[in-house]
Amino acid sequence: MPSKKQHSEVGASLGLKEYEKWTKTQGRPGNLAEAIICLAIGGWAAELPDRIEPGTSPDHRGLAHSYELQFILGRFLDDLSNKDDQDFSDLLRQIGLKGYGSHLSMDQRTPKGLFSAIGNFLERLLDRIAK
Ligand SMILES: [Zn+2]
């Protein structure tokens with residue numbers, strides 16, 4: 001299970017890279033304050049799933065750590081990515097979504113994987129039918 005520090009570092013690094021990419025697309029130099037904000041948002045967002053569902057055991061993963069939420073985040077990211085005129089607040093939203101998504105991607109690669117609300121529902125349904 002990745003540690004809080006690992007999640008945070010990946011998210012912060014992602015925030016900084018997204019900021020660098022954004023300044024290039026905007027055709028302007030970056031500034032330290034904006035870079036720090038992007039780094040902080042990325043790090044914070046990458047810790048968020050475990051703040052909602054603290055990693056006290058391998059079974060702590062619920063909706064905040066689910067494949068369904070990962071899918072929904074991906075849809076929001078697609079919508080944001082298709083905007084040609086991204087402003088700084090769009091960039092922050094994108095970093096937040098990607099930071100959160102980075103946490104899910106890292107947890108997905110663990111033996112326990114992510115929670116599946118649909119899978120859980122189908123499992124319970126099949127159990128009831130079998131009884
Ligand atoms: Zn987690």
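1. Helix α1 passes helix α4 in a right-handed crossing; a crossing is right-handed if the near helix is turned clockwise from the far one by less than a right angle, and left-handed if anticlockwise. The two helices, α1 covering residues 4–26, pack at an angle of about 145 degrees with their axes 9 Å apart. Axes here are lines fitted to C-alpha atoms, for helices over the stretch in contact, and angles run from 0 to 180 degrees between N-to-C directions. On the α1 side the residues are H7, V10, G11, L14, G15, E18, Y19 and W22, and they meet L91, Q94, I95, K98, G99, S102, H103 and M106 in α4. Two residues are in contact if their C-beta atoms, placed from the backbone, lie within 7 Å. The contact of α1 with α4 divides into seven nonpolar, seven polar and two charged residues. Ala, Val, Leu, Ile, Met, Phe, Trp, Tyr, Cys and Pro count as nonpolar, Asp, Glu, Lys and Arg as charged, and the others, Gly among them, as polar.

2. This is a predicted model, in which local features need pLDDT of at least 70 and side-chain atom pairs count only at pLDDT 80 or more, while totals for chains, interfaces and linings use all residues. Residues are numbered from 1 along each chain as its sequence is written.

3. The chain has five helices and zero strands. Helices (H or I, at least four residues) and strands (E, at least two) are DSSP runs, numbered from the N terminus. The C-alpha trace spans about 65 × 30 × 20 Å along its principal axes. Of the 131 residues, 27% count as buried. A residue is buried if 20 or more other C-beta atoms, placed from the backbone, lie within 10 Å of its own, exposed if 12 or fewer, and partly exposed in between. Among contacts between residues at least 6 apart in sequence, 74% join residues at least 24 apart.

4. Helix α2 (residues 32–52) also packs on α4, at an angle of about 35 degrees and with the axes 7 Å apart. The crossing of α2 with α4 is right-handed. From α2 the contact takes E34, C38, I41, G42, A45, A46, L48 and P49, and from α4 it takes F88, L92, I95, G96, G99, Y100, S102, H103 and L104. By class there are 11 nonpolar, five polar and one charged residues in the contact of α2 with α4.

5. Helix α3 (residues 67–81) and helix α4 (residues 88–108) pack at an angle of about 150 degrees, with axes 10 Å apart. That makes α3 roughly antiparallel to α4, a label for angles over 145 degrees. Their crossing is left-handed. Q70, L73, F76, L77 and L80 of α3 make the contact with D90, R93, Q94, L97, K98, Y100, G101 and L104 of α4.

6. L73 of α3 counts as partly exposed, with 16 C-beta neighbours inside 10 Å. Leaving aside neighbours within four places in sequence, L73 is in contact with L97, Y100 and G101. The C-alpha atoms of L73 and L97 are separated by 6.2 Å, at 24 residues apart along the chain.

7. G113 sits in the loop between α4 and α5. G113 counts as exposed, with 12 C-beta neighbours inside 10 Å. Its C-alpha atom is 8.8 Å from that of R61, 52 residues away along the chain.

8. Helix α5 (residues 117–130) reaches 20 Å from its first C-alpha to its last, close to the 20 Å expected at 1.5 Å a residue; the expected span is 1.5 Å times one less than the number of residues. α5 is hardly covered, and the count of buried residues among its 14 residues is zero.

Definitions and conventions
Parallel < 35°, antiparallel > 145°, perpendicular 65-115°, else oblique.
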